[in-house]
Amino acid sequence: MVHYIIVVTVLALVLGHVPHCLSSKTVGGYLYPQFYDHSCPKAQEIVENVVAKAVAEEPRMAASLLRLHFHDCFVKGCDASVLLDSSGSIISEKRSNPNRNSARGFEVIDEIKEAIEKECPHTVSCADIMALAARDSTVLTGGPSWDVPLGRRDSTGASLSGSNNNIPAPNNTFQTILTKFKLKGLDIVDLVALSGSHTIGNARCTSFRQRLYNQSGNGQPDYTLDQSYASQLRANCPRSGGDQNLFFLDSVSPINFDNSYFKNLLVNKGLLNSDQVLFTMSGASRELVKTYAYNQELFFQQFAKSMIKMGNISPLTGNKGEIRNNCRKVNA
């Protein structure tokens, strides 16, 4: 029997699937796309339908759901800790600097969870719902698809300090951002490819204001930012006030998932400091930016690989964690 399980585990890694007799739980802690094929065969369809409706109503939601998965995985792994509200001993990650007045899409996750609970109660984790919603958001906006490995379970706690410290910030240096990725087992290729998700979505004035007025603390703007683009930005991002004013991360095709984000970096039109440093501060990342700017297919292939890799950060599997009944709170 032990020999059989070892063989099955190897097969699962190589082929991406396992025999039906073992498909009710993760094999050896590994995630695999067929996890719910028998226990909740309509799960993926339900996620896709709710996400499609939400994105049709508000195109921005695609980027919000993608970002939610990212902000979850970088804190304690992909365990849906970001969804927990404050209660009892739990201090919500929603209060952290990267998430406060910024993270969104929680109601969409709630709607998906409610629909899935009706179909197959106590079966599908909130963490897996987020991973699927991120993939569907990418596809719906024109990006690549991939088979999402499944079988994550949900955490019973959150980490406000982890959320404040682990998630890369818009004004971090290139080296700090790369270090935060490496601490999660991701490399420079993952960093550049995943940054390409900024081909959709918005950023607030407060997240790039320093580039317009006071980049280095000397009252001077960031001269690596195209100056005509900078003057357009100043019109709605004043020196003070307007913190929550929204700007497209990719001003060329803001609701299409494509490679124009990288083309923007080539002409110094990356919105966030953390975007533009990929081109200005590292020879290796600069070459990757150029590669993806000239070859969208290569970007799409790597983005899918890097999303799977990010989705594999420290998942709770087997008997660890729980399957939450409500994504906002731990089970009673």
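Visitor: Where is Arg211 found?

Guide: Helices here are DSSP runs of H or I with at least four residues, strands are E runs of at least two, and both are numbered from the N terminus. Arg211 belongs to helix α9, which covers residues 209-213. Keep in mind that this is a predicted model, where local features need pLDDT of at least 70 and side-chain atom pairs count only at pLDDT 80 or more, while totals for chains, interfaces and linings use all residues. Residues are numbered from 1 along each chain as its sequence is written, and side-chain values use heavy atoms, with hydrogens and water left out.

Visitor: Does Arg211 count as buried or exposed, and why?

Guide: Buried means under 20% relative accessible area, exposed means over 50%, and partly exposed is in between, using a 1.4 Å probe and protein chains only. Arg211 counts as buried because its relative accessibility is 1%.

Visitor: What does the side chain of Arg211 reach?

Guide: For polar contacts, look for a pair of N or O atoms within 3.5 Å; within protein, one must be able to donate a hydrogen and the other to accept it, and residues adjacent in sequence count only if both atoms are side-chain atoms. In this case the Arg211 side chain reaches the backbone oxygen of Leu271, at 2.9 Å. Setting aside residues up to four places away in sequence, Arg211 touches Pro221, Asp222, Thr224, Leu225, Gly270, Leu271, Leu272, Asn273 and Gln276.

Visitor: Where is Ser253 found?

Guide: In the loop between β2 (246-248) and α11 (260-266). Ser253 has 10% relative accessibility, so it counts as buried. Its side chain makes a polar contact with the side chain of Asp258, at 2.6 Å. Beyond its neighbours within four places in sequence, Ser253 is in contact with Thr199, Asp258 and Ser260.

Visitor: Now an exposed one. Why does Asn101 count as exposed?

Guide: Asn101 counts as exposed because its relative accessibility is 59%. Look for Asn101 in the loop between α3 (61-73) and α4 (106-119). Not counting residues up to four places away in sequence, Asn101 touches Arg204 and Gln244. Asn101 and Gln244 are 143 residues apart in sequence, yet their C-alpha atoms are 8.2 Å apart in space.

Visitor: On to the cysteines. How many disulfides does the structure hold?

Guide: A disulfide is a pair of cysteine sulfur atoms within 2.5 Å. The structure holds four. Number the bonded cysteines in sequence order and the pairing reads 1-4, 2-3, 5-8, 6-7. One of the links is Cys40 to Cys120, with sulfur atoms 1.8 Å apart. Cys40 lies in the loop between α1 (2-15) and α2 (43-57), and Cys120 in the loop between α4 and α5 (126-140), so the pair ties together parts that are 80 residues apart in sequence. Cys40 and Cys120 are both buried.

Visitor: Which cysteine does a disulfide join to Cys73?

Guide: Cys78, at 2.0 Å from S to S. The link of Cys73 and Cys78 is right-handed, with 120° about the S-S bond. Cys73 is buried, as is Cys78.

Visitor: Why is the disulfide of Cys205 and Cys237 right-handed?

Guide: Because the torsion about the S-S bond of Cys205 and Cys237 is about 75°. This pair links distant parts of the chain, 32 residues apart: Cys205 is in the loop between β1 (202-204) and α9, and Cys237 in the loop between α10 (227-234) and β2. The sulfur atoms of Cys205 and Cys237 are 2.0 Å apart. Cys205 counts as buried at 0% relative accessibility, and Cys237 counts as buried at 0% too.

Visitor: Let's zoom out. How many helices and strands are there in the protein?

Guide: There are 14 helices and two strands. Along its principal axes the C-alpha trace spans about 65 × 45 × 35 Å. Buried residues make up 52% of the 332 residues. Among contacts between residues at least 6 apart in sequence, 72% join residues at least 24 apart.

Visitor: Where does UniProt place the feature "domain: Plant heme peroxidase family profile"?

Guide: The UniProt record, an unreviewed entry, puts that feature at residues 30-331. UniProt positions are given in the numbering used here, feature names are shortened, and annotations may be inferred rather than shown by experiment. In the model, the span of residues 30-331 is 45% helix and 2% strand, and its end C-alpha atoms lie 24 Å apart.

Methods: Contact means heavy atoms within 4.5 Å.
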